Amino acid sequence: MLVREPFRIGLWCGFKDLSSLHNGWLRSFLYGKESQTLLAHRGSFKTTVLSLFLAIHLVERPNENVILFRKTDDDVSEVIAQTKNVLFSGAMQQVVLDLYGVRLRGVKDRATEIHTNLCTYQKGASQILGLGIGTSITGKHADVVVTDDIVNLKDRVSRAERERTRLQYMELQNICNRNGRFINTGTPWHKDDAIGLMPNVSRFDCYHSGLIARDELDVLRHSMSDSLFAANYELKHIADADALFRDPQFSDDAEGLFGGQAHVDASFGGADGTAYTIMRERPDGSIIALGKLWHRHVDDCLDQIGALHQVYRVGSTSLETNADKGYLSREFQKRGMPVSSYFEHTNKFIKISTYLRKDWSRIRWLKDTDPEYINEILDYNENAAHDDCPDSAASLLRRFQTKVRYNADLNGGV
């Protein structure tokens, strides 16, 4: 069974959506001799298959060690926890009993490590170790190096993040033991991301995996931009020659934002989100900015907005009154936050393509800006399903450009 249909372990552990497709992936991970890369669309259960591989490989080859890399330490903990659930399930306990005549026990109980009584070597390294991709790897070695989703949304919106991930992936080549191998899984986000460095790629897009019905695909397609759907479900990158916004620039100058102004594009329910933008013009002509996006009603975001208002010493906050008849302005004033309310007359596309496009190259986004906020701007076009973030940024820039300005002459007059 382990050689021919190892996916049955997953079925017995409750992963009812696994199929013969996943069985092929799992057998390739377990018994392949060469390094390999599995690219599969979102929702294809590739991380579930990876957890099954880690558990079964530990039992079949208990003296080999595996190091798992994901984007962050928190991401690693999720996979290690799922692997432990499989490993110590009744199904796997029975497999171990049949193979070795002993009961499986954990020797180490740590959130990012797995070590059991099946291991007989004395190297000191755990059978499975999980690390964030940015963690120091000095002195680390592994028979199998696994990367899972080390490329994510941050790599799409930030060139610096893409370059950092590529360098980190290249450094991993030094920790793989002689005759060892790499197993990479993920989804591409950008044509220049670290996926391009990975060997022996197998692709399973949404049309050939058989995992998503066509009517479900239609719903997904209409819920996001064409470029995002292409990257996440078709596993390809469409040309962005006509994109309004590309290559956002970032900054660490948080103090440069102190004393700036803010804007809220509020959600009062439905599919829209609540976008919050702070900006401040600097003497050199650049604009420091911070963007936040919550997929919640604005009432549920007021505490977080208030905290950001205090941290960055925000002056007034611009609020549109078209939808709420001044309700939100009153809520902000109750919390001691000055507001500047206005009634919107301008078409959103005209506003965004005028003000935000004109000043896009001047903006330096703080690195605490939500990736989803930047992503929504990069995906914007006239037919975009969501425009809360670009609308908020454009509205605030329009306020900068239309404010009253005074010019003093040499004699101090106005």
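Trainee: Starting with α10, what covers its buried residues?
Mentor: The cover includes the strands β10, β11, β12 and β13 (317-320), along with helix α11 (327-334). Keep in mind that this is a predicted model.

Trainee: Okay, and which residues of α10 are buried?
Mentor: Helix α10 spans residues 302-311, and its buried residues are L302, I305, G306, L308 and H309.

Trainee: Why do they line one face of the helix?
Mentor: Look down the axis of α10: the buried residues fall within an arc of 165°, so they sit along one face.

Trainee: Which exposed residues are on the face turned away from the buried side?
Mentor: That face of α10 carries D303 and Q310, both exposed.

Trainee: What about the backbone after α10, which residue there has a positive phi?
Mentor: That's R313, which follows α10 and has a phi near 50°.

Trainee: Switching to charges. How many salt bridges does a search of the whole structure find?
Mentor: It finds 22. In general, side chains of opposite charge can pair when their charged atoms come close.

Trainee: Take R282. Which residue does it pair with at 2.7 Å?
Mentor: D253; that 2.7 Å is the separation of the closest N and O atoms in the salt bridge. The pair links distant parts of the chain, 29 residues apart. R282 is in the loop between β11 (274-281) and β12 (287-294), while D253 is in the loop between β9 (249-251) and β10 (261-265).

Trainee: How accessible are R282 and D253?
Mentor: R282 is partly exposed at 22% relative accessible area, and D253 is partly exposed too, at 27%.

Trainee: And what does R282 do with D284?
Mentor: Their side chains meet in a salt bridge as well, at 4.0 Å from N to O. D284 counts as exposed, with 58% relative accessibility.

Trainee: Away from charges now: which residues form the nonpolar patch on the surface?
Mentor: L99, Y100 and V102, with about 250 Å² of accessible area together.

Trainee: Where is V102 found?
Mentor: In the loop between α5 (90-100) and β3 (106-110). V102 is partly exposed, with 34% relative accessible area. Patch residues need over 30%, so V102 passes that cut-off.

Trainee: Last bit, the whole chain. How many helices and strands?
Mentor: There are 14 helices and 15 strands. The C-alpha atoms fill a box of roughly 90 × 50 × 40 Å along the principal axes.

Trainee: What share of the residues is buried?
Mentor: Buried residues account for 50% of the 414 in the chain.

Notes: Residues numbered from 1 in each chain as written. Predicted model: local features only at pLDDT ≥ 70, side-chain atom pairs only at ≥ 80, totals over all residues. Heavy atoms only, no water. Patch = residues over 30% accessible without salt bridge, like charges linked within 9 Å, V, L, I, M, F, W, Y side chains within 5 Å. Areas by Shrake-Rupley, 256 points an atom, 1.4 Å probe, with all protein chains shown as cover. Helix = DSSP H or I, 4+ residues; strand = E, 2+ residues; numbered from the N terminus. Buried < 20%, exposed > 50% of the residue type's maximum accessible area, 1.4 Å probe, protein only. Arc of directions from axis to C-beta. Contact = heavy atoms within 4.5 Å.
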